[in-house]
Amino acid sequence: MAEAILTVRGLSRHFGGLQAVNGVNLEVPRGKLLALIGPNGAGKSTTVNLLAGVLEPTAGSIALDGRDLTGLPAHRVAGAGLVRTFQNGRLFKRLSVLENVLVGAHARHTTGFWSAVLRLPAFRAEERATRELALELLDGLGLAGDAGREVGELPYGKQRKIEIARALILKPQVLMLDEPAAGLNSGEVEELIAYVSALRAKGLSILLIEHNMGLVMRLADRIAVLNFGQLIADGEPAQVRNTEAVIEAYLGRKKGSHAAR
Ligand SMILES: Nc1ncnc2c1ncn2[C@@H]1O[C@H](COP(=O)(O)OP(=O)(O)O)[C@@H](O)[C@H]1O
Ligand SMILES: [Mg+2]
């Protein structure tokens with residue numbers, strides 16, 4: 001396997017007596033896409049929240065490109081290059097598309113507080129570059145014509161794309177997508193697959209949290225399967241798909257049975 005850019009060891013989080021995530025080991029190979037799948041309630045979103053610094057782990061470690069991120073707050077994790085989108089987008093409905101993407105950029109600005117307040121040249125140059133990147137990202141997502149529109153006026157499929165742009169403006173080393181296909185129609189899912197494939201082709205490392213098995217099979221270089229907070233499989237898609245425990249846990253039936261889900 002390619003060298004890992006994100007290495008997760010023994011990641012655990014309980015809520016009272018419930019072990020939502022229990023001793024999970026994950027590796028996202030550099031420039032590849034790892035899909036984390038599992039039935040509802042398996043612990044996928046909790047894992048993303050732990051990785052993003054939104055939740056503190058009860059145990060375990062998270063390292064990005066050799067740098068220990070364990071226990072850092074969310075803005076520092078994002079600033080370090082581990083960036084996520086939210087499953088239920090948190091967009092500002094009354095702000096424009098462009099403004100929503102620029103909001104995402106704040107964790108990245110390197111010029112200091114006074115430089116920003118006084119609007120010194122270094123700050124203005126950085127602001128200009130960020131704005132250009134935002135417009136470029138919107139263009140790549142087919143949203144160039146919508147940059148000035150209020151987010152609340154746009155159809156759901158476009159809003160989901162804005163979430164991706166808002167994450168990418170941080171220039172992540174690893175992008176975490178939490179159920180990006182949820183609520184999309186089949187045409188939009190095809191666009192998403194093409195877009196995510198193109199990101200990976202450019203060298204971005206991706207952790208895809210996804211419930212939709214068809215999507216995962218088409219995109220993943222590697223698949224990890226969670227069930228009741230524990231990993232029950234981790235490997236190449238073809239291999240994982242045929243694992244008995246995965247078929248039972250994830251598809252809710254025994255291998256070879258033709259019963260409907
Ligand atoms: N903040 C929380 N407090 C208590 N229980 C939680 C919390 N967040 C998630 N859980 C529980 O942890 C388990 C895993 O949830 P989650 O990570 O959302 O699963 P998934 O994203 O795989 O559907 C579920 O049983 C869920 O009810
Ligand atoms: Mg979830």
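**Figure 1. Strand β3 within the predicted model.** Strand β3 (residues 33-37) is largely enclosed by the rest of the structure, because 5 of its 5 residues are buried. Buried means under 20% relative accessible area, exposed over 50% and partly exposed in between, with a 1.4 Å probe and protein chains only. Helices (H or I, at least four residues) and strands (E, at least two) are DSSP runs, numbered from the N terminus. Cover is found on both faces of β3: Leu33, Ala35 and Ile37 are buried on one side, and Leu34 and Leu36 on the other. This is a predicted model, in which local features need pLDDT of at least 70 and side-chain atom pairs count only at pLDDT 80 or more, while totals for chains, interfaces and linings use all residues. Residues are numbered from 1 along each chain as its sequence is written, chains are lettered from A and ligands numbered from 1 in the order in which they are written, and side-chain values use heavy atoms, with hydrogens and water left out.

Figure 2. Strand β8 (residues 205-209) pairs with β3 in the parallel sense over 4 bridges; two strands pair if DSSP finds at least two bridges between them. Within this pairing, Leu208 of β8 is the bridge partner of Ala35. Strand β9 (residues 222-227) also runs parallel to β3 and is joined to it by 4 bridges. Here Ala224 of β9 stands opposite Leu36.

**Figure 3. Ala42 in the loop between β3 and α1.** Ala42 is located in the loop that connects these two elements and is buried, with a relative accessible area of 2%. Apart from neighbours within four places in sequence, Ala42 is in contact (heavy atoms within 4.5 Å) with Ala20, Leu226, Asn227, Phe228 and Gly229. The C-alpha atoms of Ala42 and Val225 are 9.0 Å apart in space, with the two residues 183 residues apart in sequence.

**Figure 4. The shell around ligand 1.** The residues around ligand 1 are Phe15, Leu18, Ala20, Pro39, Asn40, Gly41, Ala42, Gly43, Lys44, Ser45 and Thr46, each with a heavy atom within 4 Å of the ligand. By class, the shell has 5 nonpolar, 5 polar and 1 charged residue. Ala, Val, Leu, Ile, Met, Phe, Trp, Tyr, Cys and Pro count as nonpolar, Asp, Glu, Lys and Arg as charged, and the others, Gly among them, as polar. Helix α1 gives the largest share of the shell, 3 residues.

Figure 5. A polar side-chain atom of Thr46 is 2.6 Å from an oxygen atom of ligand 1. A polar backbone atom of Gly41 lies 2.7 Å from an oxygen atom of the ligand, and for a backbone N or O atom of Ser45 the distance to a ligand oxygen is 2.9 Å. Taken alone, ligand 1 exposes 560 Å², and the protein buries 58% of that; accessible areas come from the Shrake-Rupley method with a 1.4 Å probe, and for residues only the protein chains shown count as cover. The elements giving two or more residues to the shell are β2 (18-29) and α1 (44-51).

**Figure 6. Val97 in helix α3.** Val97 belongs to helix α3 (residues 97-103) and is buried, with a relative accessible area of 0%. Leaving aside neighbours within four places in sequence, its contacts include Leu138, Asp146, Ala147 and Ile162. Val151 is another of these contacts; Val97 and Val151 are 54 residues apart in sequence and 5.4 Å apart from C-alpha to C-alpha.

Terms used. Polar contact = N/O pair within 3.5 Å; in protein donor to acceptor, adjacent residues only side chain to side chain.
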